[in-house]
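Student: I would like to learn how to read a protein model feature by feature. Can we take one example and go through it in order?

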Amino acid sequence: MLKCWRDVERQGTPYQLVPMEGGGVYEMRKDFHIRAVETHHGGASVGYTLVSIREKLKPEYMGTPGPELANLRKQGVQIQYRLEVPLVCYLGDTTAGRVFDEPDVQNAEILLTECTFFDPAHRQRAKVGKHLHVEQFLEILPNLKNQQIIITHVSRRTSIRRARAILRKRAGEEQMKRIHFLMDFEGATEGGEVEEAGPPPSDTAD
């Protein structure tokens, strides 16, 4: 698939494929890692978190003059501690499950998660396809500490406007301040509900 994009882009964009499974870590740089988390979809599936690795001065050495800190380092004293900050977590397709108990998922500054179905009649569709229904998302939401939550993969059976209205009614205005829909473009024309739109026109239609 990546090789096909060379023809589309008309350039040879470099890439490296890195096999990963849940719990695996790939060191992009010394200060940035990617950590995989197991999700719940058809077959094996994982999400990914971009983690910032930071070295912080231990509280007991706060205010210590620089020369003294340098001398402590020379003596082999550990004056810093390692701090991992999950920045962005992307889950892809997943239903509810243990993935939403993972610290990276709950604490990432930005969480991208699917919420595919919003209508009560679509609960079974969500269950069969192993996708997230808004009822499940609402149960998970109180445990999410993310600054921003971006919802992806809304079914075309439900318009973005309607999905947003359903979520706003159930979650409340305060929660909606941090919840966004990836496909919610400013000034976009409302397409309506797919199930109410009727069959698509034939290729020969005027």
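This is a predicted model: local features need pLDDT of at least 70, side-chain atom pairs count only at pLDDT 80 or more; totals for chains, interfaces and linings use all residues.

Student: How many helices and strands does the protein chain have, and which pattern do they follow along the sequence?

Tutor: The protein chain contains seven helices and seven strands. Read along the sequence, their pattern is α-β-β-β-α-β-α-β-α-α-β-α-α-β.

Student: What share of the contacts in the protein chain links residues 24 or more positions apart?

Tutor: Among contacts with a separation of 6 or more, 54% are between residues 24 or more positions apart.

Student: What do the burial and surface totals say about the protein chain?

Tutor: Of the 206 residues in the protein chain, 33% are buried. The accessible surface is about 13,700 Å², and carbon and sulfur atoms hold 52% of that surface.

Student: Let us turn to patches. Which residues make the nonpolar surface patch?

Tutor: M1, L2, W5, V8, Y15 and L17 make a nonpolar surface patch of about 700 Å². Take V8 as one member: V8 sits in helix 1, residues 2–9.

Student: Is V8 buried or exposed?

Tutor: The label exposed needs a relative accessible area over 50%. V8 has 55%, so V8 is exposed.

Student: Which residues gather in the patch of negative charge?

Tutor: That surface patch brings together E21, E38, D101 and E102. E102 belongs to the loop between strand 4 (80–90) and helix 3 (103–107). With a relative accessible area of 35%, E102 is partly exposed.

Student: Next, charge pairs. What is the general idea, and how many salt bridges does a search of the whole structure find?

Tutor: Side chains of opposite charge can pair when their charged atoms come close. Here, a search of the whole structure finds nine salt bridges.

Student: Which residue forms a salt bridge with R35, and how far apart are the closest N and O atoms?

Tutor: The partner of R35 is E84, with 2.9 Å between the closest N and O atoms. R35 lies in strand 2 (residues 32–38) and E84 in strand 4, so this pair ties together parts that are 49 residues apart in sequence. E84 is partly exposed, at a relative accessible area of 33%.

Student: What else does E84 form a salt bridge with?

Tutor: E84 also pairs with R82, where the closest N and O atoms are 3.0 Å apart. R82 is partly exposed, with a relative accessible area of 47%.

Student: And what of the pair made by K177 and E174?

Tutor: The side chains of K177 and E174 meet in a salt bridge at 3.2 Å, N to O. K177 is exposed at 57% relative accessible area, and E174 counts as exposed at 58% relative accessibility.

Student: Which residues do salt bridges with shared partners join into one network?

Tutor: That network is made of R35, R82, E84 and D104.

Student: Now the buried strand residue. Where does T152 lie, and is T152 buried or exposed?

Tutor: T152 lies in strand 6, residues 148–152. Its relative accessibility is 10%, so T152 counts as buried.

Student: Which residues does T152 touch, leaving out those up to four places away in sequence?

Tutor: T152 touches L112, T113, E114, C115, L182 and M183. As for L112, T152 is 40 residues away in sequence, while their C-alpha atoms are 6.8 Å apart in space.

Student: Last, backbone angles. What should I expect of phi in general, and what is the phi of K130?

Tutor: Most residues other than glycine have a negative phi. K130 is not a glycine, yet its phi is positive, about 55°. K130 is found in the loop between helix 4 (123–129) and helix 5 (134–140). K130 counts as partly exposed, at 40% relative accessibility.

Student: What is the phi of H153, and where is H153 found?

Tutor: H153, a residue other than glycine, has a positive phi near 65°. H153 is in the loop between strand 6 and helix 6 (160–171). The relative accessible area of H153 is 36%, so H153 is partly exposed.

Key
Residues are numbered from 1 along each chain as its sequence is written. Side-chain values use heavy atoms; hydrogens and water are left out. Patches are made of residues with over 30% relative accessible area and no salt bridge: like charges are joined within 9 Å, nonpolar side chains (Val, Leu, Ile, Met, Phe, Trp, Tyr) within 5 Å. Accessible areas come from the Shrake-Rupley method with a 1.4 Å probe; for residues, only the protein chains shown count as cover. A salt bridge is a side-chain nitrogen of Lys or Arg within 4 Å of a carboxyl oxygen of Asp or Glu. Lys and Arg count as positive and Asp and Glu as negative; His and the chain ends are not counted. The place of a charge is taken as NZ of Lys, CZ of Arg, CG of Asp or CD of Glu. Helices (H or I, at least four residues) and strands (E, at least two) are DSSP runs, numbered from the N terminus. Buried means under 20% relative accessible area, exposed over 50%, partly exposed in between (1.4 Å probe, protein chains only). Contact means heavy atoms within 4.5 Å.
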